[in-house]
Amino acid sequence: MTSKAIKTIFPFRWLLACGATLLLACENMVQYIDIAPSGEEEVKLAVSATIDTEGNFFLSFTEGRSLSAYRDRKLENDAIVRRGKVTLYDETDGRDVYVIDSSANGGFDLSLRSSGNSGYTATVAGLQLNAGHTYRLTLKIEGYPEATAVVAMPDMPIIEQALPDLRQTKHYSAYLVEAFNPNTLKVRAIDCYPVALRLTDNSPERDYYMVYLQSEMRHPGRPPISGVPYVAISDIAVIQDNPDVEASGLSMDSEFDALIFERILLSDMSFANATGAINLLVDEDVFMQNDGRAGEPPCDENSRSSVATFLCVAHLTPLSYAYYRSLSLQKTGLGFFSEPVSIPSNIENGYGCFSAISVACKSLAEYKACSGYYGLAGF
């Protein structure tokens with residue numbers, strides 16, 4: 001055997017010996033933990049609830065199971081129906097805002113399902129919910145500890161200006177950022193107009209906002225149709241702490257020069273205790289005039305639909321933002337060097353989040369269009 005071969009084999013054997021020693025050392029460091037608790041863990045409710053100053057109350061709850069429940073091979077498709085009472089209470093005014101009592105309909109269906117939505121869900125509109133008030137949510141459901149949560153409705157956002165610049169259409173290659181779907185790459189061209197949003201931060205603490213568009217089409221004799229046109233942004237510094245961007249691991253590169261959202265989450269990091277200028281990009285179809293696209297025949301007055309679009313800003317509680325962020329990061333999945341994502345909760349004797357959102361809107365565009373034209377932005 002040549003001297004060169006000996007010199008090659010020796011380091012290789014040395015590495016194998018070191019590797020074996022390291023593996024034995026790691027094996028001695030391994031500690032096996034029994035994840036099943038010694039006693040039976042109390043089963044609690046998993047709750048998701050939101051109220052806003054537009055008078056909406058959304059509630060969803062089901063049975064929250066621990067690892068010990070799956071140890072006992074409890075089937076996910078078991079029917080779970082429980083009687084109980086849910087109360088939304090205004091602690092500032094000292095009154096019940098809304099009460100859901102299951103005694104009249106046989107109970108709440110809390111069943112877990114392997115496909116589709118699990119548990120009980122309700123959406124209520126037209127309630128009196130005020131910024132600055134404190135609200136308590138109480139769930140008294142048989143078989144579970146009483147779950148409660150208290151939240152203060154944030155101050156109303158202060159929109160100083162929402163001014164579109166219609167002098168020239170802008171063209172961008174934009175990446176579509178989908179909530180809770182960070183692993184799907186979608187890049188497309190957009191034609192849009194700049195919209196200058198001036199937002200005043202009215203709190204000394206770190207504040208969190210959600211910016212979105214809301215469109216509504218009205219036609220005589222028909223119920224209104226709501227749509228959510230996209231809103232885009234090219235200044236990534238404004239959304240540097242956006243949870244969906246963080247989960248996707250995005251940064252501006254040569255592939256795209258704008259990001260598209262259905263709803264943009266951002267903080268006051270760039271305009272704390274001041275008025276911030278946020279430059280948005282809005283689909284040109286939002287600002288269509290008269291009969292829609294150029295070259296179409298004029299509409300009869302009786303066949304016209306009225307279309308109005310508003311730029312809305314929602315003020316979120318810090319916990320609402322943290323809860324959304326944790327769900328976004330959890331949806332991304334765990335890599336080799338990732339740490340488990342901790343899901344925050346403000347539900348006492350339960351799991352989940354009770355959120356309060358104050359909303360302010362500014363009119364952005366309004367026009368008439370043929371009722372048979374369905375190419376409008378957001379519809």
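This is a predicted model: local features need pLDDT of at least 70, side-chain atom pairs count only at pLDDT 80 or more; totals for chains, interfaces and linings use all residues.
Strand S17, residues 263–267, is mostly covered, with four of its five residues buried. Strand S13 (residues 208–218) runs antiparallel to S17 and is joined to it by five bridges. Within this pairing, Tyr208 has Ser267 of S17 as its bridge partner.

The largest nonpolar core contains 32 residues, of which Ile264, Leu266, Ile278, Leu280 and Leu311 touch the most other members. Strand S12 (residues 187–200) supplies the largest share of this core, four residues. Another core, of 31 residues, lies apart from the largest one and includes Leu45, Phe57, Tyr135 and Ile141.

The largest pocket holds about 1,000 Å³ of space. It is lined by 35 residues, and Met210, Arg263, Leu265, Tyr324 and Ile357 are the closest to its centre. Strands S13 and S17 are among the elements that give two or more residues to this lining, while helix H4 gives the largest share, five residues. By class, the lining of the largest pocket comprises 22 nonpolar, six polar and seven charged residues.

The second largest pocket holds about 680 Å³. Of its 18 lining residues, Ala46, Ser48, Thr62, Tyr323 and Leu327 lie nearest its centre. Two or more residues come from each of S1, S2, H4 and S20, with the largest share, four residues, from S2. The lining of the second largest pocket has nine nonpolar and nine polar residues, and no charged ones.

Conventions: Residues are numbered from 1 along each chain as its sequence is written. Side-chain values use heavy atoms; hydrogens and water are left out. Buried means under 20% relative accessible area, exposed over 50%, partly exposed in between (1.4 Å probe, protein chains only). Two strands pair if DSSP finds at least two bridges between them. A nonpolar core is a set of buried Ala, Val, Leu, Ile, Met, Phe, Trp, Tyr and Cys residues joined through side-chain atoms within 4.5 Å. On a 1 Å grid over the protein atoms alone, a cavity is a set of points where a 1.4 Å probe fits but cannot get out, and a pocket is an open set with protein on both sides within 12 Å along at least five of seven lines; lining residues have an atom within 4 Å of a point. Grid points are joined across faces, edges and corners, and a volume is the space filled by probe spheres set on the points. Ala, Val, Leu, Ile, Met, Phe, Trp, Tyr, Cys and Pro count as nonpolar, Asp, Glu, Lys and Arg as charged, and the others, Gly among them, as polar.
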